Amino acid sequence: SMTDFLTQFDSLPRLFGLSLAQSLALAGVIHVTVGLSGAIVAIRKGKDWKWWIPIGLIAGTPALIAAMKLESESN
């Protein structure tokens with residue numbers, strides 16, 4: 001059953017001794033922070049924030065990598 005699966009899944013080795021819910025929350029916070037960092041990089045290079053904020057929130061680390069590879073917009 002699903003309860004048995006979740007019980008077994010939560011008995012896996014823990015990240016820094018955190019529970020499954022805490023580990024997922026921490027991973028989510030890191031994902032959003034890295035993604036927003038990517039958005040900030042892209043925005044500073046002259047890209048549209050209306051595109052890059054959602055891209056950063058959804059893509060996380062790939063958004064940061066893509067933003068770092070962008071060329072700056074010439075004014």
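Phe 9 is part of helix H1, which covers residues 2-10. In this predicted model, Phe 9 has a relative accessibility of 37% and so counts as partly exposed, since that class lies between the limits of 20% for buried and 50% for exposed.

Phe 9 also belongs to a nonpolar patch on the surface, together with Met 2, Phe 5 and Leu 6. The accessible area of these four residues together is about 420 Å².

## Packing of H2 and H3

Helix H2 spans residues 20-44 and helix H3 spans residues 49-59. The two pack with their axes 7 Å apart, at an angle of about 155°. Angles over 145 degrees count as roughly antiparallel, and H2 and H3 are therefore roughly antiparallel to each other. Their crossing is right-handed.

## The salt bridge

There is one salt bridge in the structure. Lys 47 and Glu 73 form this contact, and their closest N and O atoms are 2.6 Å apart. Lys 47 sits in the loop between H2 and H3, while Glu 73 is in the segment after helix H4 (61-69), so the pair ties together parts that are 26 residues apart in sequence.

Both partners fall in the partly exposed class: Glu 73 has a relative accessible area of 43%, and Lys 47 has a relative accessibility of 21%. Because buried means under 20% relative accessible area, Lys 47 at 21% counts as partly exposed.

Conventions: Residues are numbered from 1 along each chain as its sequence is written. This is a predicted model: local features need pLDDT of at least 70, side-chain atom pairs count only at pLDDT 80 or more; totals for chains, interfaces and linings use all residues. Side-chain values use heavy atoms; hydrogens and water are left out. Patches are made of residues with over 30% relative accessible area and no salt bridge: like charges are joined within 9 Å, nonpolar side chains (Val, Leu, Ile, Met, Phe, Trp, Tyr) within 5 Å. Accessible areas come from the Shrake-Rupley method with a 1.4 Å probe; for residues, only the protein chains shown count as cover. A salt bridge is a side-chain nitrogen of Lys or Arg within 4 Å of a carboxyl oxygen of Asp or Glu. Helices (H or I, at least four residues) and strands (E, at least two) are DSSP runs, numbered from the N terminus. Buried means under 20% relative accessible area, exposed over 50%, partly exposed in between (1.4 Å probe, protein chains only). Axes are lines fitted to C-alpha atoms, for helices over the stretch in contact, and angles run from 0 to 180 degrees between N-to-C directions. Angles under 35 degrees count as roughly parallel, over 145 as roughly antiparallel, 65 to 115 as roughly perpendicular and the rest as oblique. A crossing is left-handed if the near helix is turned anticlockwise from the far one by less than a right angle, and right-handed if clockwise.
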